[in-house]
Amino acid sequence: MNTLFLRFLLFIIELIYISTHTNYEKQFLSFLSNKTSSLHKPLSLSQVSIFAEFHQLIKVDEKHGTFTIAIAIESSYYQPELAWNPERTYGGIDKFFVAPEYVWQPDIIVMNAVYIKYYPAQHFVVFSNGIVLQKSPLTLTASCKVNVENFPYDKQLCTMELSQWINTVDNYNITWNNSLHGSNLEMGMHSYRGSHEEWLLRTPLTAHLSIRKLSFENKSHSSMIFEIFLQRIPYFYYQILIIPAFLNLFLAILNGLLPVESGEKVTLAISTFLAHTLNLVVVGEILPSSGETRPRLFIVFNAILFYLGLSVVKAILVSIVYLGRYDRLPPTVFLTLLNYRVVQLLFHLPSLSDAPIVVAKNCSTDDNENSNIMKGIDLFIQELQNRDSYQHYWRVLAIFMDRITTVLFTVQILCIMCVQGPKPFSI
């Protein structure tokens, strides 16, 4: 019985509190309606304080030059005519939550915004000291000047500019909220949810005040610019771009050591060329098609593509020279070069002395009937042996062409990679 009585008593007290508090809210809203307007800036207003809380980096779209983040933008201003003494009025309540239509809203927008998604419950808080505060959580997609020159080791500096839209510095100034968040102009990171899977956020996210002057009017607008530093984590691109490209290049180099007799020299060259072409398609889908900067990785990939294309041509020409039938020796300049022991050792070439030796047979003149027949057979055999000897010289020349072009192309591609390639140690 006592328990039921206590519950009933608490219920009555709660009803009295709610009705009293509701009456205080109605009184305060009536007070606001007489003191302020949502359409007109308060005459006493001289500045609006800004603060931003960073929640999450959602996406960076290099192809379209945008980034998407989840943040909360806080704006506050002082209106002395809204102040009250909580000890004397409104039953000790020191703040009220009011709808936007009861107070004036600063005309502050994100100048470089592409798309903004606001979340519900956009209420203002009016404090007893006359401070009016609004905190708006939102998902922002804003434009960013992306520099992909050093992709995938690139760093990006994206900005978020909060600026006046209609009002100018003659009406009020945008300032930093020193009273609540200290004097350091830095975006809040207390609600940060951790790093992105591809981008590393470099803190602190600093801000600075600026004056923006439009060209078509002689008026200045106050603004605050937040700087967001991003550094790409390149490990994913190692697996899908860089390692496959270097494997294709390595196979093309090994192709220079593959014997022509294997019958796979041209096939391997064409396969690596096509595989690298698919790599270029993947890069083209990630990066913007045009821009002020050209990715260094494009230069390296195009150089590898050119190398692989030359490898296909080289494999075809070497196969033609190696497998051809000849009735004469190669030019003397090549024979002289190939005769040097240093060249043979350096490029691991067969010796020219390994060519078949032509031996002339002496036919007996005693047998007049068979002498002409044997002489014809000897001439035929000698011609075949000569052709085999020529073939050996041309094969040695083909092997030399294959290996020296492989060395020259490899040195050239390595120089291009060192000079024009991305700089991984500049991050």
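**Labels and their grounds**

Reply: Lys 265 has a relative accessibility of 1% and counts as buried, because the label applies under 20%. This is a predicted model.

Me: What makes the pair Asp 402 and Lys 265 a salt bridge?

Reply: The closest N and O atoms of Asp 402 and Lys 265 are 2.6 Å apart. The cut-off is 4 Å between a Lys or Arg side-chain nitrogen and an Asp or Glu carboxyl oxygen, so the label holds.

Me: Why is Asp 402 called buried?

Reply: Its relative accessibility is 4%, and the label needs a value under 20%.

Me: Which other salt bridge does Asp 402 form, and how do you know that it qualifies?

Reply: Asp 402 also meets Lys 314, at 3.2 Å from N to O, which is within the 4 Å limit. Because Asp 402 sits in helix H8 and Lys 314 in helix H5 (residues 296-323), this pair ties together parts 88 residues apart in sequence. Lys 314 has a relative accessible area of 7% and is therefore buried.

Me: How many salt bridges are there in the whole structure?

Reply: The search finds 6. One of them joins the side chains of Arg 232 and Asp 154 at 2.6 Å, N to O.

Me: Why do you say that this pair ties together separate parts of the chain?

Reply: Arg 232 is in strand S12 (residues 220-232), while Asp 154 is in the loop between strand S7 (131-143) and strand S8 (155-164), so the parts joined are 78 residues apart in sequence. Arg 232 counts as buried because its relative accessibility is 2%; Asp 154, at 1%, is buried by the same rule, under 20%.

Me: What makes Glu 62, Asp 154, Glu 198 and Arg 232 one network?

Reply: Their salt bridges share partners, and this joins the four residues.

Me: Why does Asn 302 count as partly exposed?

Reply: Asn 302, found in helix H5, has 42% relative accessibility. Buried is under 20% and exposed is over 50%, so this value falls in between.

Me: Why is Thr 175 called buried?

Reply: Thr 175 lies in strand S9 (residues 173-176). Its relative accessibility is 17%, and this is under the 20% limit.

Me: What makes Thr 175 and Ser 49 a polar contact?

Reply: Their side chains are joined at 3.4 Å, and the limit for N or O atoms is 3.5 Å. Leaving out residues up to four places away in sequence, Thr 175 also touches others, including Gln 47, Ile 50 and Met 224. The C-alpha atoms of Thr 175 and Met 224 are 7.8 Å apart, although the residues are 49 places apart along the chain.

Me: Is Ser 76 buried or exposed, and why?

Reply: Ser 76, in strand S2 (residues 66-78), is buried because its relative accessibility is 6%. Apart from neighbours within four places in sequence, Ser 76 has contacts that include Val 48, Ser 49 and Asn 177.

Me: How do you know that the length of H3 fits a helix?

Reply: At 1.5 Å a residue, the 21 residues of H3 (residues 235-255) should span 30 Å; the end C-alpha atoms are 29 Å apart, so the two values agree. H3 does bend, by about 35 degrees at Ile 242, and Pro 244 follows within four residues. Among the buried residues of H3 are Tyr 237, Leu 241, Ala 245 and Leu 249. Residues three or four places apart in an α-helix point the same way, because there are 3.6 residues a turn.

Me: Which residues touch the most other members of the largest nonpolar core?

Reply: They are Phe 54, Ile 69, Met 160 and Phe 226, in a core of 47 residues. Strand S1 (residues 47-61) supplies the largest share, 7 residues. A second, separate core has 22 residues, including Phe 151, Leu 249, Val 283 and Met 417. In soluble globular proteins, nonpolar side chains tend to be buried together.

Methods: Residues numbered from 1 in each chain as written. Predicted model: local features only at pLDDT ≥ 70, side-chain atom pairs only at ≥ 80, totals over all residues. Heavy atoms only, no water. Helix = DSSP H or I, 4+ residues; strand = E, 2+ residues; numbered from the N terminus. Expected span 1.5 Å × (residues − 1). Bend = angle between axes of the 7 residues up to and from the residue. Buried < 20%, exposed > 50% of the residue type's maximum accessible area, 1.4 Å probe, protein only. Contact = heavy atoms within 4.5 Å. Polar contact = N/O pair within 3.5 Å; in protein donor to acceptor, adjacent residues only side chain to side chain. Core = buried A, V, L, I, M, F, W, Y, C linked by side-chain atoms within 4.5 Å.
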